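Dear colleague,

Please find the structure below.

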Amino acid sequence: MAAVVGVIAVALAVAAAAGGAYAAYSSSQAQARAIDYQRKQAAIQAKQARDAAAAAAEIAHDRNQRVLAAQRAALGASGVTTTEGTSLILQMDAAQEAALEEGRIRAAGETAATGFASQGKLMRYQAQQVRIAGYIGAGTTLLGGTAKA
């Protein structure tokens, strides 16, 4: 009778250890999936930042081209030679400022996208670490529980 009770106690201890190990593993996997989802969202945000910057730069380019064309038309209508002297310098300065504005817009978008991409890389690492911790926790629980049995 005592041997049967001992076997039952060992079986219960092993079952409890297995349950605890599964809980540790399952919890870590759920946490890793949540982090993976956040990583995917960061990748989406990076693409959106690049796309938004490209669209804004294109809008700025179109606007700048209209301004430059209006400037050339106004200079031409006033009878000023637009291919030399002060009028040429004004046009070159305006074109340079337009190009700088467009470059700043693209750079800001790329900076934001890089931040999101870095966040995604960090999240990938975190998910890996959570999974490893889950395996270790499950193994530790299982070994600890069976050692008590």
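**Nonpolar core**

The largest nonpolar core consists of five residues, namely Ala32, Ile35, Met123, Ala127 and Val130. Helix H1 (2–77) and helix H2 (85–148) each contribute at least two residues to this core, and H2 gives the most, with three residues. A nonpolar core is here a set of buried Ala, Val, Leu, Ile, Met, Phe, Trp, Tyr and Cys residues joined through side-chain atoms within 4.5 Å. Buried means under 20% relative accessible area, exposed means over 50%, and partly exposed lies in between (1.4 Å probe, protein chains only). Helices are DSSP runs (H or I, at least four residues), numbered from the N terminus.

Please note that this is a predicted model, in which local features need pLDDT of at least 70 and side-chain atom pairs count only at pLDDT 80 or more, while totals for chains, interfaces and linings use all residues. Residues are numbered from 1 along each chain as its sequence is written, and side-chain values use heavy atoms, with hydrogens and water left out.

Which residues does Val130 touch, leaving aside its neighbours within four places in sequence? Val130 is in contact (heavy atoms within 4.5 Å) with Ser28, Gln31, Ala32 and Ile35.

**Salt bridges**

Side chains of opposite charge can pair when their charged atoms come close. A salt bridge is counted when a side-chain nitrogen of Lys or Arg is within 4 Å of a carboxyl oxygen of Asp or Glu. By this rule there are five salt bridges.

Arg50 and Glu110 form one of them, with their closest N and O atoms 3.1 Å apart. This pair links distant parts of the chain, as Arg50 is in helix H1 and Glu110 is in helix H2, 60 residues apart. Arg50 is partly exposed, with a relative accessible area of 36%, and Glu110 is partly exposed, with a relative accessible area of 36%.

Arg63 forms a salt bridge with Glu101, and the closest N and O atoms are 2.4 Å apart. Here too distant parts of the chain are linked: Arg63 lies in helix H1 and Glu101 in helix H2, 38 residues apart. Arg63 is partly exposed at 34% relative accessibility, and Glu101 is partly exposed at 25%. Elsewhere, salt bridges that share partners join Asp36, Arg39 and Arg131 into one network.

Are they buried or exposed? Arg39 is buried at 19% relative accessibility, and Asp36 is buried at 14%.

With kind regards
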